[in-house]
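Please look over the sequence and the structure shown here before reading on. The briefing that follows is arranged by topic.

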Amino acid sequence: MTDEKTGSQVIRALDMLEILSGRVVLGMSNKDLAAAMRCPALAVTRTAAVLIAKGWVEKDPVTERFRITTRIGRISFHAAADFDRARSELDQLQRNYTLSK
């Protein structure tokens, strides 16, 4: 697999996640995703299959619509917690190096 092909597949997967993030409850059909992503429906199917295998997307067995999983939320919470931790460490460093009168 070439780097260019791999790069375009990654971009397509990220695009899909961004688009689906606005349709968390109802999800989107393959056709609607293809239109939103401006790519063939087969590319949506392949991309969704990879994201489903990795736990990022799920396909509703009744409606056959794709939607993101809670994995995105967990990552967001982890990132926010890490930013809070880093801010606390920076605040502590600033207190340690601030000259007091």
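Glu-18 is exposed, with a relative accessible area of 60%, where buried means under 20% relative accessible area, exposed over 50% and partly exposed in between, using a 1.4 Å probe and protein chains only. The structure is a predicted model, in which local features need pLDDT of at least 70 and side-chain atom pairs count only at pLDDT 80 or more, while totals for chains, interfaces and linings use all residues. Residues are numbered from 1 along each chain as its sequence is written, and side-chain values use heavy atoms, with hydrogens and water left out.

- Glu-18 lies in helix α1, and helices here are DSSP runs of H or I with at least four residues, strands being runs of E with at least two, numbered from the N terminus.
- Although Glu-18 and Ile-68 are 50 residues apart in sequence, their C-alpha atoms are 9.3 Å apart in space.
- Val-10 also has its place in helix α1, which covers residues 3-20, and Val-10 is partly exposed, at a relative accessible area of 45%.

**The loop between α1 and α2**

- Ser-29 is found in the loop that runs between α1 and α2, and with a relative accessibility of 18% Ser-29 counts as buried.
- A polar atom of the Ser-29 side chain lies 3.0 Å from the backbone nitrogen of Asp-32.

**Packing of α2 against α3**

- Helix α2 (residues 30-37) packs with helix α3 (residues 41-53) at an angle of about 105 degrees, and their axes are 8 Å apart; axes are lines fitted to C-alpha atoms, for helices over the stretch in contact, and angles run from 0 to 180 degrees between N-to-C directions.
- That angle makes α2 roughly perpendicular to α3, given that angles under 35 degrees count as roughly parallel, over 145 as roughly antiparallel, 65 to 115 as roughly perpendicular and the rest as oblique.
- On the α2 side the contact is made by Asn-30, Leu-33, Ala-34 and Met-37, and on the α3 side by Ala-41, Val-44 and Thr-45, contact meaning heavy atoms within 4.5 Å.
- Sorted by class, the contact of α2 with α3 holds five nonpolar residues, two polar residues and no charged residues, where Ala, Val, Leu, Ile, Met, Phe, Trp, Tyr, Cys and Pro count as nonpolar, Asp, Glu, Lys and Arg as charged, and the others, Gly among them, as polar.

**Positive phi values in two loops**

- Arg-38, in the loop between α2 and α3, has a phi near 55 degrees, which is a positive value in a residue other than glycine, and Arg-38 is exposed, at a relative accessible area of 79%.
- Glu-64, in the loop between β1 and β2, likewise is not a glycine and has a positive phi of about 60 degrees.

**Salt bridges**

- Side chains of opposite charge can pair when their charged atoms come close.
- The structure holds five salt bridges, a salt bridge being a side-chain nitrogen of Lys or Arg within 4 Å of a carboxyl oxygen of Asp or Glu.
- One of them joins Arg-85 and Asp-82, whose closest N and O atoms are 2.7 Å apart.
- Arg-85 and Asp-82 both belong to helix α4 (residues 71-97) and sit three residues apart, about one turn of the helix.
- Arg-85 is partly exposed, at a relative accessible area of 41%, and Asp-82 counts as partly exposed too, at 40% relative accessibility.
- Elsewhere, salt bridges that share partners join Glu-58, Asp-60 and Arg-67 into one network.

- The side chain of Arg-67 meets that of Glu-58 in a salt bridge of 2.7 Å, N to O, and Glu-58 is partly exposed, with a relative accessible area of 33%.
- The side chain of Arg-67 also meets that of Asp-60 in a salt bridge of 3.2 Å, N to O.
- Asp-60 is placed in the loop between β1 (57-59) and β2 (66-68), and at 15% relative accessibility Asp-60 counts as buried.
- Leaving out residues up to four places away in sequence, Asp-60 touches Arg-65 and Arg-67.

Note on methods:
Polar contact = N/O pair within 3.5 Å; in protein donor to acceptor, adjacent residues only side chain to side chain.
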